[in-house]
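Dear colleague,

Please find below the structure that I am handing over to you, with its sequence. My notes on what was found in it follow directly after.

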Amino acid sequence: VRAVVRNQFGCDSLIGARLENQPTIADDCYGSHWDERFFFTEIMGAVRNGPINVISPLTLALLEDSGWYQADYTRASISPFGYMAGCDFVTKKC
C-alpha cells in the first residue's frame, strides 16, 4: 500500500493511505473505506460516485497485503483524482 500511494500522488514521504475518519452514512464504521478527500474516484472510497469509480492499484495492494489475495495489477485502473499531484495535495488543507 505504501508504494502504491506514493506512486499515486508522486510523494515519497507518504507512509500509507488514509482511511475515512468521519461518518459518511448512518451507522458507518470509521476506517472501513479510503478517505474520500484523497481517493474520490476509488471503488473503496466512502461514497459511491457512479461510473467514475475505479478499481485502482491501491485497493489491489490492500487485498494483497492482507495475505489472502494475489492481485493482477494489469486489471487495475489508475485513479485520475490527485494522480501525481505531489505532496501538497495530500499534506495541505483544501
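Helices are DSSP runs of H or I with at least four residues, and they are numbered from the N terminus. Please note that this is a predicted model. With that naming, H2 is followed by Gly 67, whose phi is positive, near 90 degrees.

The loop between H2 and H3

Met 84 is located in the loop between H2 and helix H3, the latter covering 87-91. Its relative accessible area is 48%, so Met 84 is partly exposed. Ala 85 also belongs to the loop between H2 and H3, and with a relative accessible area of 40% Ala 85 is partly exposed. Where does the chain bring Ala 85 in relation to Gln 8? The two residues are 77 apart in sequence, while their C-alpha atoms are 8.3 Å apart in space.

The disulfide

How many disulfides does the structure hold? There is one, and it joins Cys 11 to Cys 87 with an S to S distance of 2.0 Å. The pair links distant parts of the chain, since Cys 11 sits in the loop between H1 and H2, Cys 87 sits in helix H3, and 76 residues separate them. The disulfide is right-handed, because the torsion about the S-S bond of Cys 11 and Cys 87 is about 100 degrees. Are the two cysteines buried or partly exposed? Cys 11 has a relative accessible area of 1% and is therefore buried; for Cys 87 the value is 28%, so Cys 87 is partly exposed. The cut-off behind this reading is that buried means under 20% relative accessible area.

Asp 35 and the salt bridges

Two salt bridges are present in the structure. In one of them, the side chains of Asp 35 and Arg 18 meet at 3.4 Å, N to O. This pair links distant parts of the chain: Asp 35 and Arg 18 are each in the loop between H1 and H2, 17 residues apart. The helices on either side of that loop are H1 (2-9) and H2 (57-65). Asp 35 counts as buried because its relative accessibility is 6%. Arg 18, by contrast, is partly exposed, with a relative accessible area of 42%. Which residues does Asp 35 contact, once its neighbours within four places in sequence are left aside? They are Arg 18, Leu 19, Glu 20 and Asn 21.

The other salt bridge is formed by Lys 92 with Asp 88, whose closest N and O atoms are 4.0 Å apart. Asp 88 has a relative accessibility of 47% and so counts as partly exposed.

Aromatic residues

How many aromatic pairs does a search of the whole structure find? The search returns six. One of the pairs is Phe 9 with Phe 39, whose ring centres are 5.6 Å apart and whose planes stand at 55 degrees, so the pair is tilted. Because Phe 9 lies in helix H1 and Phe 39 in the loop between H1 and H2, the pair ties together parts that are 30 residues apart in sequence. Phe 9 is buried, at a relative accessible area of 1%, and Phe 39 counts as buried at 6% relative accessibility. Both belong to one aromatic cluster, formed by Phe 9, Trp 34, Phe 38, Phe 39, Phe 40, Phe 81 and Phe 89.

Which residues of H2 are buried? Pro 57, Leu 58, Thr 59, Leu 60 and Ala 61 are buried there, and the buried residues of H2 pack against H1.

On the surface, Ile 43, Met 44 and Ile 55 form a nonpolar patch, with about 240 Å² of accessible area together. Of these, Ile 55 lies in the loop between H1 and H2 and is partly exposed, since its relative accessible area is 45%.

With kind regards

Notes: Residues numbered from 1 in each chain as written. Predicted model: local features only at pLDDT ≥ 70, side-chain atom pairs only at ≥ 80, totals over all residues. Heavy atoms only, no water. Helix = DSSP H or I, 4+ residues; strand = E, 2+ residues; numbered from the N terminus. Buried < 20%, exposed > 50% of the residue type's maximum accessible area, 1.4 Å probe, protein only. Contact = heavy atoms within 4.5 Å. Disulfide = S-S within 2.5 Å. Patch = residues over 30% accessible without salt bridge, like charges linked within 9 Å, V, L, I, M, F, W, Y side chains within 5 Å. Areas by Shrake-Rupley, 256 points an atom, 1.4 Å probe, with all protein chains shown as cover. Phe/Tyr/Trp six-rings, centres within 6.5 Å; stacked < 30°, edge-to-face > 60°.
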